[in-house]
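Student: I would like to learn how to read a structure such as this one, feature by feature. Could we look at it together?

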Amino acid sequence: MEITMETNSSLETTVERIAAAASLLEQAMQRLSERQQESELTIGRISATVEAAMEERLQAAEAKIAQLEAGIAETIPIDGQSRRKTLPAGMVSMLAKQGVTVESLEAGALDAALTGLSLEQRIAVKSQLLRAGMLA
């Protein structure tokens with residue numbers, strides 16, 4: 001009988017130890033589960049922040065592209081011909097000698113400034129201005 005009591009006592013001790021270990025495992029699993037949920041929430045917030053930042057950057061890039069495309073559309077004429085937006089340096093200096101600046105270019109002032117030139121020179125100046133898009 002002593003052997004069975006010792007065996008029962010040792011089995012009870014073992015069962016108690018196993019029950020305590022199972023309880024500790026359950027607590028550990030609960031803590032791990034809570035940490036996992038916290039991690040998922042943190043990851044969700046981080047990814048939402050990153051997505052919002054990337055969305056803003058994408059919108060800014062698309063706006064910049066649209067702005068650049070609009071700028072290109074303004075500089076390239078629709079009829080397919082390339083037009084200069086500047087005058088040759090010689091033309092600018094010749095006009096400056098006559099008292100006409102590119103900023104103050106008006107039809108009356110241009111005609112008055114070109115009166116001292118020959119007919120061919122006046123035609124050349126006006127055709128350069130037309131190509132540059134400065135005369136309509």
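Student: Which residue just after helix 4 takes a positive phi?

Tutor: Bear in mind as we go that this is a predicted model. The residue is glycine 133, which follows just after helix 4 and has a positive phi of about 80 degrees.

Student: Where in the protein chain is confidence highest, and where is it lowest?

Tutor: Where pLDDT is low, the predicted coordinates should not be read in detail. Here confidence is highest in helix 1, residues 2–75, at a mean of 89, and lowest in helix 3, residues 107–113, at 71, while the mean pLDDT of the protein chain is 80.

Student: Which residues make up the largest nonpolar core?

Tutor: In soluble globular proteins, nonpolar side chains tend to be buried together. In this model the largest nonpolar core has 7 residues, namely Met91, Leu95, Leu110, Leu114, Leu117, Val125 and Leu129, and helix 2 and helix 4 each supply at least two residues of this core.

Student: Which residues of helix 4 are buried, and why do they line one face of the helix?

Tutor: The buried residues of helix 4 are Val125, Gln128 and Leu129. Seen down the axis of helix 4, these buried residues fall within an arc of 100 degrees, so they line one face, whereas the face turned away from the buried side carries the exposed residues Leu119, Glu120 and Ile123.

How values were computed. Residues are numbered from 1 along each chain as its sequence is written. This is a predicted model: local features need pLDDT of at least 70, side-chain atom pairs count only at pLDDT 80 or more; totals for chains, interfaces and linings use all residues. Side-chain values use heavy atoms; hydrogens and water are left out. pLDDT is the predictor's confidence in each residue, from 0 to 100. Helices (H or I, at least four residues) and strands (E, at least two) are DSSP runs, numbered from the N terminus. A nonpolar core is a set of buried Ala, Val, Leu, Ile, Met, Phe, Trp, Tyr and Cys residues joined through side-chain atoms within 4.5 Å. Buried means under 20% relative accessible area, exposed over 50%, partly exposed in between (1.4 Å probe, protein chains only). The arc is that of the directions from the helix axis to the C-beta atoms.
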